[in-house]
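Here is a set of questions and answers about a structure, meant to be read with the sequence and the coordinates at hand.

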Amino acid sequence: MGGLEVDIAGKAGSFAVSARFTAAPGVTALFGRSGAGKSTILKMIAGTARPDEGRIVSDGRVLFDAAAGIDLPVRARGIGFVFQEDRLFPHLSVRRNLTYARWAGRRAVGRPLPEVVALLGLEDHLDRLPGTLSGGERQRVAIGRALLADPRILLMDEPLSSLDRQRRAEILPYLEAVANETCIPVLYVSHETEEVARLADKVVAVEAGRVRAVGSPAEILGGEEGGETAVLLEGRVTGVDPHYETATVDIGGATVELSAPGLPMGARVRLRVRASDVAIATRPHEGLSIRNQLSCTIERVTVKGSAAEILLALGEKRLVSRITAKSAEALGLAVGQRVVALVKAVSVERARLMRPDEAVE
Amino acid sequence: MTETEAAIILLSAKVALAATLFALPLAFAVAWLLARRCFVGKGLLQAIVTLPLVLPPVATGYGLLLLFGTQGPLGRLMEAVFGLTFAFRWTGAALAAGVMAFPLLVRPIRLSLEAVDRGLEEAAATLGARRIIVFLTVTLPLALPGLLAGAVLGFAKALGEFGATITFVSNIPGQTQTLSLAIYSLLQSPTGDAAALRLIVVSILLALGAVLLSEWAGRLIRRGGDGRA
């Protein structure tokens, strides 16, 4: 399966956008603040907005090429699009909405309808009108409708932004299911760190209409988020203890143990470690309830008022610890010093089964 | 009810129906242009479409006479191309009724087209639908209530049209004497009161029937959409 290559520049009103990135099968997040130009980039890929120059190639097929004068219409681009608002056809039943691409768009029958219906939990709603569904249910139908369009790329424009917190939590597992089993490039536009951390394989950070950085979620999202500092670590489950329901995860150069029932051996996981959950000791301790004691080197000490943030190097990985400025001073923490990070809690952000073609990071 | 009265009612229904059916597609096209397109002269088109509503009907009738009379340029053209004459014929009555009803047809259709969410059409395009299919499966069904409202309003107006009709095609029994014209004639004669009243009752029933029919059809459309059918 081929990927998506985007190299475009253009304007939406007076706002200039230029972007260059590729998206392989899996979820690529276009991540940035509101108004950064993410949605415009997505529209240009979909064909509802037109770049001034550049090229868009999907799965070896040229969708747009300014130099060659190619500009395929929206309907011919082989996309599935999930909008911010669900945009369901109000006069058609859920079933007719889901199958619209087949009976009106003449798209090939890709995945069987029952499979998508089961994936999104829509069994009981097929004969209802969209107007009788909840916001979350409607957005699930919209996702199903896009999946059933037999798309070669799936474009999602902040599909959760119009929903309240509770509904988001209701849909995220479905999006994860879609992300985990998809074999096409999925472009997911969002400004929510939490969504991106849970869903994305790759992050394209967009700022003021330009691509600021491209990398793994751990690299891009590692910094500050909503006032709370945390890091994302990727690793693989190398051991499970069914009795205590714990798993050992190799994060490259170190292992952490966490309680997480049901994680299978070999699963690739993304872990979140909050800075406030990491304490620092100058030497290893025994007789502690904290089981994760990781030997690190201090890379940076930042004092912010009464708190201090310590950036720790753990081989190639980074951890951040948040302690009081008083403790930092009392321990005499300095850059280059060897210390032990005491990790109180680790949460699993995302777990997915390894595909054979995937290498461990 | 006499045979003549029945004939008048039938003629009126025929005239109004023909007027509505021919004006509807044209009105839809104009409503579409006004709702969806931006072009030079849009204001002028809007004004021309509204004209029959604000002009004295007699003036509109005279205008039709000049344009579509036997000597009028359009009248001669229609005669030559389609073999269709309007002067003093029921077709002329239908033309007059159609022109007078036109603004009433355009307005609700335009409003309902403007109310259709363009985002839904965009969504349909992302699902692979061609423009004409998008129109038939999304735009038209969503604009249907407005279309229906326009048709009923237009039909009622055509049924009652008086001024333009009598000016354009005169008041010829059996040919151009529709309900309104017949009622007018009967009221002019000292013995016609009872017959006039009967025709008035009939026009009330026809108008009421049309409105009820549209209400029922509107409900059917809304229910038909829920996919249980």
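The model is a predicted one.

Q: Which helix gives the most to the side of domain 1 of chain A that touches domain 2 of chain A?
A: Between the two domains of chain A, 7 residues of domain 1 are in contact with 8 residues of domain 2. On the domain 1 side, helix H7 (193-199) and helix H8 (217-221) of chain A each supply at least two residues, and these residues of domain 1 divide by class into 4 nonpolar, 2 polar and 1 charged. The most, with 3 residues, is given by H8(A).

Q: Is Val196(A) buried or exposed?
A: Val196(A) is found in helix H7 of chain A, and, its neighbours within four places in sequence left aside, Val196(A) is in contact with Ala29(A), Phe31(A), Ser190(A), Val203(A), Pro217(A) and Leu221(A). The C-alpha atom of Arg152(A), 44 residues away along the chain, is separated from that of Val196(A) by 21 Å. A residue with 20 or more other C-beta atoms within 10 Å of its own counts as buried; because Val196(A) has 23 of them, the state of Val196(A) is buried.

Q: How do the residues of the side of chain A that touches chain B divide by class?
A: In the contact between the chains, 24 residues of chain A meet 20 residues of chain B. Strand S7 (79-82), helix H2 (94-98) and helix H3 (100-103) of chain A are the elements that give two or more residues to the chain A side. Sorted by class, the residues on that side of chain A are 12 nonpolar, 4 polar and 8 charged.

Q: Which residues of chain B are in contact with Phe83(A)?
A: Phe83(A) lies in the loop between S7 and H2 of chain A, and Phe83(A) counts as buried because 24 other C-beta atoms lie within 10 Å. The C-alpha atoms of Phe83(A) and Ala49(A), which are 34 residues apart along the chain, are separated by 14 Å. Leaving aside neighbours within four places in sequence, Phe83(A) is in contact with Ala142(A) and Asp157(A) and, in chain B, with Gly119(B) and Ala123(B).

Q: What percentage of the residues of chain B count as buried?
A: Chain B has 10 helices and 0 strands, and its C-alpha trace spans about 70 × 45 × 30 Å along its principal axes. Among the contacts in chain B with a separation of 6 or more, 76% are accounted for by residues 24 or more positions apart. Of the 229 residues of chain B, the buried share is 43%.

Q: What is the handedness of the crossing of H1(B) and H7(B)?
A: The axes of helix H1 (residues 3-36) and helix H7 (residues 131-160) of chain B come within 9 Å and cross at roughly 140°, and H1(B) and H7(B) are therefore oblique to each other. The contact includes Ala16(B), Ala23(B) and Phe28(B) of H1(B) and Gly150(B), Gly154(B) and Leu159(B) of H7(B), and by class the contact of H1(B) with H7(B) has 12 nonpolar, 4 polar and no charged residues. The crossing of H1(B) and H7(B) is right-handed.

Q: What is the phi of Asp59(A)?
A: Most residues other than glycine have a negative phi. Asp59(A) sits in the loop between strand S4 (53-58) and strand S5 (61-65) of chain A, and Asp59(A) is partly exposed, with 16 other C-beta atoms within 10 Å. In Asp59(A), a residue other than glycine, phi has a positive value, near 55°.

Q: Where in chain B is Phe88(B) found?
A: Phe88(B) is not a glycine, although its phi is positive, at about 60°. With 17 C-beta neighbours inside 10 Å, Phe88(B) counts as partly exposed. The place of Phe88(B) is the loop between helix H4 (73-82) and helix H5 (90-115) of chain B.

Conventions:
Residues are numbered from 1 along each chain as its sequence is written. Chains are lettered from A and ligands numbered from 1 in the order in which they are written. This is a predicted model: local features need pLDDT of at least 70, side-chain atom pairs count only at pLDDT 80 or more; totals for chains, interfaces and linings use all residues. Helices (H or I, at least four residues) and strands (E, at least two) are DSSP runs, numbered from the N terminus. Ala, Val, Leu, Ile, Met, Phe, Trp, Tyr, Cys and Pro count as nonpolar, Asp, Glu, Lys and Arg as charged, and the others, Gly among them, as polar. Axes are lines fitted to C-alpha atoms, for helices over the stretch in contact, and angles run from 0 to 180 degrees between N-to-C directions. Angles under 35 degrees count as roughly parallel, over 145 as roughly antiparallel, 65 to 115 as roughly perpendicular and the rest as oblique. A crossing is left-handed if the near helix is turned anticlockwise from the far one by less than a right angle, and right-handed if clockwise. A residue is buried if 20 or more other C-beta atoms lie within 10 Å of its own, exposed if 12 or fewer, and partly exposed in between; C-beta atoms are placed from the backbone.
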